[in-house]
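Here is a guided look at a two-part model, written to be read beside the viewer.

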Amino acid sequence: MTEWSILWEARETFISGLGNTLLLFVCSIVIAFVLGCVVVYLLEAGSALSTTLRILINLMRTLPFLILAYLLYYGLPQLGLKMSAWSAGLLALIIYHAAYFAEILRGSRLVLAEGYVEAAKAHGFTPLRMFIRIVLPQLMIKTRPLLGNQLIIALKDTAFLTIITVQELTAAANSAQATYFIPTQAFVVVIALYWLISICLELALKWAGRFGAKRGFDYV
Amino acid sequence: MSDTPAVSIKRLSKSFGDIEVLRDIDLSVNKGEVVSVLGSSGSGKSTMLRCINWLEVPDRGTIHIAGKRIGVNEGAGRPMNNKELAGMRARTGMVFQGFNLWPHLTVLQNVMEAPVYVKGMHKEEARAIAEALLEKVGMSDKQGAYPFTLSGGQKQRVSIARALAMSPEVILFDEPTSALDPERVGEVLTVMKNLSSEGYTMIVVTHEMEFARAVSDQVVFLEKGIIIEKSAPATFFNNPQTERVRKFLEISA
């Protein structure tokens with residue numbers, strides 16, 4: 001099994017790739033989720049801004065992620081905006097998944113019983129307070145499976161960033177297979193690592209499910 | 001100032017599209033008074049109630065809560081912004097037909113929520129108030145329960161405690177017993193009767209004739225958006241002034 005020992009020798013590359021992947025993933029989903037929540041709140045206001053936001057969301061949903069990454073990394077310098085591959089990749093992940101998070105939450109908001117909102121208004125909640133304390137927690141509980149799905153998609157989208165030269169996990173595998181000509185083993189290793197992260201995510205989501213179950217939300 | 005009415009409604013009108021739901025409603029509710037609002041479905045009862053805390057925005061007319069006008073910032077001569085409106089709504093309580101307890105919060109948290117996050121009260125103080133109110137409505141043993149585990153009557157008693165927690169100038173009841181099975185109606189009406197004897201100001205949209213007769217200081221009858229009768233319960237039930245009310249009472253009896 002010399003191929004495996006070669007990979008073991010190259011473990012530094014994989015570890016640093018894994019670190020970058022995790023960092024990109026965690027930073028992007030946290031910021032994207034907050035941004036998604038902000039967008040849903042702004043959509044509630046129903047101003048002229050909300051039309052623009054809806055258009056932006058739909059634009060993101062119809063755009064392949066890779067094109068967005070290309071656009072930010074190769075396109076923006078033409079306009080004089082030059083970013084490192086890492087920043088461009090992170091920004092692409094944030095924008096793209098914020099749109100999806102917003103869309104998931106918005107869908108759930110549309111079917112949230114108006115009575116909860118009226119009760120909050122009647123008790124003197126301002127729109128922002130109401131959104132944070134009454135609306136958002138319910139949306140999060142109800143959309144948990146969809147949000148979880150989106151997290152896994154976001155994780156896998158980090159792999160695209162290898163194409164704009166971000167040194168993440170897939171890039172590590174690619175560099176190992178190109179250097180030592182052992183593609184199968186190199187990719188098996190990263191598949192296992194992506195799989196492991198996904199399983200951890202699934203477990204965390206399952207655990208989070210008990211919040212909803214305890215509150216009788218499990219009919220969703 | 002003590003004779004300022006808790007709620008004063010003047011020439012309130014409201015249409016939904018072409019349909020006029022309320023026309024020139026005048027109503028004054030003194031502190032400590034209980035007003036029952038009767039009328040058939042679609043007569044405008046709920047809309048009138050929902051105008052009082054601006055859940056529906058009236059087309060014309062003025063509404064004052066304890067002397068302060070809701071919906072319009074009179075000093076600045078413009079409609080109230082969200083924050084001002086929220087401040088006015090915090091001075092009224094509302095109990096809904098469908099309870100509308102927040103499902104992600106426990107019974108205790110439901111009652112503490114507005115005092116803490118609207119009034120900025122310390123959690124310990126809000127908890128003490130909430131516990132006392134849950135005691136009052138007989139729900140002390142369910143503090144940690146989530147709403148979905150409660151019966152309709154229990155939910156409604158919690159939502160009454162939730163409204164009381166804000167120490168409102170007036171509590172608006174929108175058909176509080178209409179979604180309950182007959183066995184549960186009594187427990188909610190008992191709580192409401194106790195509140196009236198404690199001096200709470202209440203406006204109650206209801207179909208419970210017995211409650212209206214026994215508890216109210218005023219009975220208001222709405223028909224097609226107009227108050228056609230407004231009198232003390234003794235007069236209303238024993239000596240109605242209009243043929244319409246007489247018919248209504250006959251059918252309800």
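## A loop residue in chain B

B:Thr106 sits in the loop that links strand 8 (92–95) and helix 3 (107–117) of chain B; helices (H or I, at least four residues) and strands (E, at least two) are DSSP runs, numbered from the N terminus. This is a predicted model, in which local features need pLDDT of at least 70 and side-chain atom pairs count only at pLDDT 80 or more, while totals for chains, interfaces and linings use all residues. Residues are numbered from 1 along each chain as its sequence is written, and chains are lettered from A and ligands numbered from 1 in the order in which they are written.

Is B:Thr106 buried or exposed? B:Thr106 is buried, because 20 other C-beta atoms lie within 10 Å. The cut-offs are 20 or more other C-beta atoms within 10 Å for buried, 12 or fewer for exposed, and partly exposed in between, with C-beta atoms placed from the backbone. Leaving out residues up to four places away in sequence, B:Thr106 touches B:Gln143, B:Gly144, B:Ala145 and B:Tyr146; a contact means that the C-beta atoms, placed from the backbone, lie within 7 Å. The C-alpha atoms of B:Thr106 and B:Pro147 are 6.7 Å apart, although 41 residues separate the two along the chain.

Helix 1 (residues 45–52) of chain B is largely enclosed by the rest of the structure, because 8 of its 8 residues are buried. Among them are B:Lys45, B:Met48, B:Leu49 and B:Arg50. After this helix comes B:Trp54, with a positive phi near 65 degrees.

B:Val37 is in contact with B:Lys45, B:Met48 and B:Leu49, and also with B:Ile203, B:Val204, B:Val205, B:Val220 and B:Leu222, leaving aside neighbours within four places in sequence. B:Val37 is also one of the residues with the most contacts inside the largest nonpolar core, together with B:Val111, B:Ala161 and B:Ile203. That core has 136 residues, and helix 5 (residues 85–110) of chain A gives the most to it, with 13 residues. A nonpolar core here is a set of buried Ala, Val, Leu, Ile, Met, Phe, Trp, Tyr and Cys residues joined through C-beta atoms within 7 Å.

## Chain A and its helices

Chain A has 10 helices and 0 strands. Some overall values follow.

| Property of chain A | Value |
|---|---|
| Box filled by the C-alpha atoms, along the principal axes | roughly 70 × 45 × 25 Å |
| Buried share of the 220 residues | 38% |
| Share of contacts with a separation of 6 or more that join residues 24 or more positions apart | 76% |

One helix pair deserves a look. The axes of helix 2 (residues 11–45) and helix 8 (residues 144–157) of chain A come within 9 Å and cross at roughly 135 degrees. That makes helix 2 of chain A oblique to helix 8 of chain A. The contact uses A:Phe25, A:Ser28 and A:Ile29 of helix 2 and A:Leu151, A:Ala154 and A:Leu155 of helix 8.

## Where the chains meet

The contact between the chains takes 21 residues from chain A and 22 residues from chain B. On the side of chain A that touches chain B, helix 6 (114–122) and helix 7 (127–142) of chain A are the elements giving two or more residues. Helix 7 of chain A gives the most, with 7 residues.

Note on methods. Axes fitted to C-alpha atoms, helices over the stretch in contact; angles between N-to-C directions. Parallel < 35°, antiparallel > 145°, perpendicular 65-115°, else oblique. Contact = placed C-beta atoms within 7 Å.
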